[in-house]
Structure formats: C-alpha cells, structure tokens
Amino acid sequence: MKKIAVLLVALFTAMAGYAQFERGKWYVGASLTGLDISYSGAEEFNFGLDANVGHLVSDDWMVLGKFGYQHSGIDGASDMFTIGAGGRYYIIQNGLYLGVNAKYVHANHNYNDFMPGIEVGYAFFLSKTVTVEPAVYYDQSFKDHSDYSKIGFKIGVGVYL
C-alpha cells in the first residue's frame, strides 16, 4: 500500500512539474461532448464539438472564447451552434480548475437560448505544452430549465503556448 501511495505522489508531482499557468500564455483547445454522456430532458442522442481559445491574464486566471457545434436527437434531429465567453481559475499548479462561462445558443428549429454554465476539470499534461482535459459541466437554460439545462462529461485536448 505504501508503494502505491508513493507512486501516486510521484506521478502527480511529475505532472505538476509541467504546469504552464503563468501570465501571458495562450491556450488553444478542443473538446468532445455528448456521445450520450450528457443528459437533458429534450434529447436522446447527443454529439458535440467545442473549440476554445484562451489567454492567461494573470497567474492561474484564464479568459476564454468559446465556439461549438452540437447535433442532438434521433427523431427530431437538430443542429445547435454556440458562441460564448468564459474563464478558468487553476486552483493549484497541479492542473485542477474551476470554470464559468456564458454562451448564446442557436438551433435550426427557431430555438435561441442564453446558457450560463460551470465546470470542474483537470489538465493532465502529456508533454510540456499538451494536455488531456476531462471535465464535468452544467449548463443552465433560461428558456426551459427541465428540457434544455444540461449536465455532462467532456474530454478535451489543450495546447498551452
């Protein structure tokens, strides 16, 4: 048991050594959402792709621009496009972050919505600049809470420049 604990501490220490959350760094990322991993009352099948561009305005604080596409439903298929802004705070230099965002959603069936959201994720550094970023998120719908608010899991890839 002691060996496993030491191994885990060494692993997290090694990953933390690559932390790139200093002021002035740029971030480019993409994430895959859905694949029936997210849930909302109005959708059966869900597939989404998000793109993010960010800048660390001070140590551990990032502002983000967000763009996204989502295909939902099997019977009443719809395509949704999103644009928004957000921010991240890296809690400690090991990659754990809290995020907030707000986005405008437009779908092809005369559906428009404003959705603020929160997320908790972790940036696993594969190299000095490339990360894999799993996250749990919640988006609150102002149009119809029970059918369009969403909780889900996403996994992304990020590059810190």
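These legends describe close-up views of a predicted model.

**View 1. Cavities in the predicted model.** Two cavities of 30 Å³ or more are found in the structure. The second largest cavity holds about 80 Å³ of space. Its lining is made up of 13 residues, and those closest to its centre are Y27, S31, N52, R88 and E133.

**View 2. Strands around the second largest cavity.** Three strands, β1 (26–34), β8 (130–139) and β9 (150–160), each contribute at least two residues to the lining of the second largest cavity. The most comes from β1, which gives four residues to this lining.

**View 3. Residue classes in the lining of the second largest cavity.** Sorted by class, the lining of the second largest cavity contains five nonpolar residues, four polar residues and four charged residues.

**View 4. A cluster of aromatic rings.** The count of aromatic pairs in the model is twelve. One cluster, linked by ring pairs, contains F21, Y27, Y90, Y97, F125 and Y160. Y27 of this cluster is also among the residues closest to the centre of the second largest cavity.

**View 5. R88 over the ring of Y97.** R88 sits over the face of Y97, at 4.0 Å from the ring centre. Y97 belongs to the cluster linked by ring pairs, while R88 is one of the residues closest to the centre of the second largest cavity.

**View 6. K154 over the ring of Y137.** The face of Y137 has K154 over it, at 5.7 Å from the ring centre.

Note on methods: Residues are numbered from 1 along each chain as its sequence is written. This is a predicted model: local features need pLDDT of at least 70, side-chain atom pairs count only at pLDDT 80 or more; totals for chains, interfaces and linings use all residues. Side-chain values use heavy atoms; hydrogens and water are left out. On a 1 Å grid over the protein atoms alone, a cavity is a set of points where a 1.4 Å probe fits but cannot get out, and a pocket is an open set with protein on both sides within 12 Å along at least five of seven lines; lining residues have an atom within 4 Å of a point. Grid points are joined across faces, edges and corners, and a volume is the space filled by probe spheres set on the points. Ala, Val, Leu, Ile, Met, Phe, Trp, Tyr, Cys and Pro count as nonpolar, Asp, Glu, Lys and Arg as charged, and the others, Gly among them, as polar. Rings of Phe, Tyr and Trp (its six-membered ring) pair if their centres lie within 6.5 Å; planes under 30 degrees apart count as stacked, over 60 as edge-to-face and the rest as tilted. A charge sits over a ring if NZ of Lys or CZ of Arg is within 6 Å of the ring centre and within 35 degrees of the ring normal.
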